[in-house]
Amino acid sequence: MKVRKHIYKNGRICTFAHSHIVKLNIMAYSDKVIDHYANPKNVGTLDKSKNNVGTGLVGAPECGDVMRLQIEVDEVSGVIRDAKFKTFGCGSAIASSSLATEWLKGKTVDQAMAIDNMDIVEELNLPPVKIHCSVLAEDAIKAAINDYRVKNGLPELVEEKKVH
Amino acid sequence: MELNLPIYLDNNATTPMDPRVLDAMIPYFTEKFGNAASRNHSFGWVAEEAVDYAREQVAKLIGADPKEIIFTSGATEADNLAIKGIYEMYASKGDHIITCTTEHKAVLDTCKHIETLGGHVTYLPVQADGLVDLAELEKAITPKTILIAIMYGNNETGVIQPIREISQIARKHGVLFFTDGTQAVGKVPVDVNADGIDLMAFSAHKMYGPKGVGALYVRRKNPRVKVTSQMDGGGHERGMRSGTLNVPAIVGFGKACELCMNEMEAESKRLSKLRDKLEQGLLVLEEAYVNGTPEHRLPHTANISFKYVEGEGLMMGFNKNIALSSGSACTSASLEPSYVLKALGLGDDLAHSSLRFGLGRFTTEEQVDYTIAAVKETVLKLREMSPLWEMFQEGIDLDKIEWAHH
């Protein structure tokens, strides 16, 4: 899988997972994607002013995808009590973030950090052109966790980004 | 009237063939199978006669002489033949071509090819309404300019360029004027003489005819225009396009033109009414914008951006029942949003949020009503899910956000 980088005139950068199969048949969405799109789980907003809420906002309107993912952490156990999302994007982006919120609930922050975008690809059966949606969801999870950590005086976790 | 699903609203991509066109074509696949170039037997004569008749039908629709019609495999070939053929034929006069940024790829990529051959091309920007600035056009003309190539009606926005004004400028400077009339011919009155067109490409399958056939109009008088052939062989089509004529398709093209000629006036009135109904029905949504000037537009096309929702996600809400196109990246062959909408000055975000509605001969009012309801419902649903919509509602200026780029 090649990752194509597009640099806009205003200096903004978008990366696209790029394959030879660029013609996408949107009727070919998997049943799971269609189900998340039709019945998204955990759409909504958590109170970002609260100390135990972490917010991750990733993507950009110019790139056609923006995800906002929020977690609410139980301060005693470190377990994610609630997770909410709002996404601007295609069906796969909506499904990836909906799935991510489902997976986050009940996990500890450390367990959540280990969620890999390829798990999302596999679960939703995303085609190659839609892998970037899963990457975005993983980034949103990590951004939300880091926001929570910084709010609570912990250092940000930096992970070597793998190239898909 | 009952509602027929799925609804086809992508008539700018292609149109269904009119059954009357198919009826006209059928004999030419079987018993009337002759080669129109066979001059010495009746099979050939029958085919030739059919082609001559179709040529008259095609010519009549655009106010041309039948001898000025060169049949091709479609508009893309006609675009190539016009631009490359003029570039070669008029090489001694100059090597500069003027076109604009919202042209179809068949024109833009042909112009890029001309540049690799050493030619010079000016790509004029368009204004926010999608129209070419005539003063800019005139300023771009140099003593080396041989051709102005500006499309009649745009495939994505439906914007109709000021063809007569452009042709007057071309005339004044002794430059030839070529227009890609693919979306306009058969939909709005096009007259090559009144419009001052020297060359024009158009295609059958955009006007309820078959795929695989189109034409290049090449003016024969005032001035006499010639193009260098891009397909060599038996010297068909006055030597400008060799290759055995696709007789059944040409017969169908002719019939399609005849039907458009007879029905265009009533059809365009009906379609513009339906289009306006669709548009008004959808513009009741907040933050919904029509792309391209509403004053100079094809009657059957509407391009609307629904801010804060993404086009592909939007289509997924109803694509089982409604077929249309989006200017968003993921649905087209490239991953970038529509270059046509960007040329109008739309940001990538608005281009990603656009839908193109292309109505046609078989579109019914019930289908339009259904579409209004389905699109509205999906936009509202997706906005509830959109972080951008939430920010907009909170009064946050999205342009001032430092987006975490991916």
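In strand β7 of chain B, A201(B) is the bridge partner of D180(B). This comes from a predicted model, in which local features need pLDDT of at least 70 and side-chain atom pairs count only at pLDDT 80 or more, while totals for chains, interfaces and linings use all residues. Residues are numbered from 1 along each chain as its sequence is written, and chains are lettered from A, with ligands numbered from 1, in the order in which they are written.

That bridge belongs to a parallel pairing: β6(B) and β7(B) are joined over three bridges. Strands here are DSSP runs of E, at least two residues long, and helices are runs of H or I of at least four, both numbered from the N terminus; two strands pair if DSSP finds at least two bridges between them. β7(B) also pairs with β8(B) (residues 214-218), this time in the antiparallel sense and over five bridges. There, V218(B) in β8(B) is the bridge partner of L199(B).

Next comes helix α6(B), residues 163-172, with buried residues I163(B), I166(B), S167(B), I169(B) and A170(B). Looking down the axis of α6(B), these fall within an arc of 155°, so they line one face of the helix; the arc is taken from the directions from the helix axis to the C-beta atoms. An α-helix has 3.6 residues a turn, so residues three or four places apart point the same way. The buried residues of α6(B) pack against α5(B) (134-140), β5(B) (145-149) and β6(B) (176-180). After α6(B) comes G174(B), with a positive phi near 65°.

Zooming out, chain B splits into domain 1 (7-12 + 264-400) and domain 2 (19-259), with bounds from an automatic or database domain assignment. Taken over C-alpha atoms, the centres of the two domains are 30 Å apart. Across the boundary, 22 residues of domain 1 are in contact with 22 residues of domain 2, contact meaning C-beta atoms, placed from the backbone, within 7 Å. On the domain 1 side, α7(B) (247-283), β10(B) (301-306) and α9(B) (339-343) each supply at least two residues.

Terms used: Buried ≥ 20, exposed ≤ 12 C-beta atoms within 10 Å, placed from the backbone. Contact = placed C-beta atoms within 7 Å.
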